[in-house]
Amino acid sequence: MSGVPELVTLHVWRIGRAALPGALGRMATHPARLRRTTGVRFGKLLGTGTGTGFGPGDADPTRWAALAVWDRAADAAGFDASPVGRSWARVARSAARVDLRPLTSRGEWSGRRPFGEPSGGRVAGPVLALTRARLRARRAATFWRAVPPVAAALHAAPGLLARFGVGEAPLGWQGTVSVWRDPADLVAFAYRHPEHRAAIARTPTEGWYAEELFARFEVRDVVGDRAVLGWVADGDAATAKDGRA
């Protein structure tokens, strides 16, 4: 895969617990449908976590997500009318969509570089960071022990607007989504916060990941119910909630 996509969208749905069996069925049958959606060049259906710990016990069965990479923004406008979009709308109590422009991306996801090789650019407003990794089974235990200090530090980070975990499977295939007031806040946490810097330093020596990806995006728009994302209006991370209905 080459070239930077014109648009990336993150769709997030909040469901009632009674709809959980239907959601699990969709997670089993919709990945191929999402990839066949007109204009989608890369797509993933994702479970989510509350964002309080980013560990195996953090799963949130009432919130589900889809990431779609589009070559043309015009095609993304048809997602809600697609089979996948319509199906999730039937079980969702609330929903949100985040429109994104890739700024930087390194690493691979399922052997591909879904966001191409974006060259960055100046951004004055909110940015979204996406991390995704496939853990090595023999290193998973040490990874999960390293997570709590970083999660606690993220919770209190200045400028954090929203955060939650994402994953393609309950164990071993996980990532994070975090939205920041501006790029400076993201950089301050990623490279200057001691807990996060310590985790970064351990990554090459611990060999936690069989595959990893880190990407940053400009947030172009947020449509729908921001509470589904756990959004904090004033950027005060200490007041952040997980947004569950």
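Predicted model: local features only at pLDDT ≥ 70, side-chain atom pairs only at ≥ 80, totals over all residues.
Local features need pLDDT of at least 70 and side-chain atom pairs count only at pLDDT 80 or more, while totals for chains, interfaces and linings use all residues. Residues are numbered from 1 along each chain as its sequence is written, and side-chain values use heavy atoms, with hydrogens and water left out.

Let's start with helix 3, residues 83-91 (helices are DSSP runs of H or I with at least four residues, strands are E runs of at least two, both numbered from the N terminus). Val84, Gly85, Ser87, Trp88 and Val91 are buried here (buried is under 20% relative accessible area, exposed over 50%, partly exposed in between, using a 1.4 Å probe and protein chains only). They sit on the same side of helix 3 because they cover an arc of only 165 degrees around the axis, taken from the directions from the helix axis to the C-beta atoms. Their cover includes strand 1 (7-15), helix 1 (20-36) and strand 2 (40-49).

Next, the charges. There are ten salt bridges in the structure, each a side-chain nitrogen of Lys or Arg within 4 Å of a carboxyl oxygen of Asp or Glu. Asp99 pairs with Arg97 at 2.7 Å, N to O; Asp99 is buried at 11%, whereas Arg97 is partly exposed at 23%. Shared partners also link Arg14, Asp60 and Arg63 into one salt-bridge network. Asp75 and Arg72 meet at 2.9 Å, N to O, with Asp75 buried at 19% and Arg72 partly exposed at 45%.

Finally, look at the loop between strand 4 (92-107) and strand 5 (127-135), where Ser110 lies. Ser110 isn't a glycine, yet its phi is positive, about 55 degrees.

Conventions:
Contact = heavy atoms within 4.5 Å.
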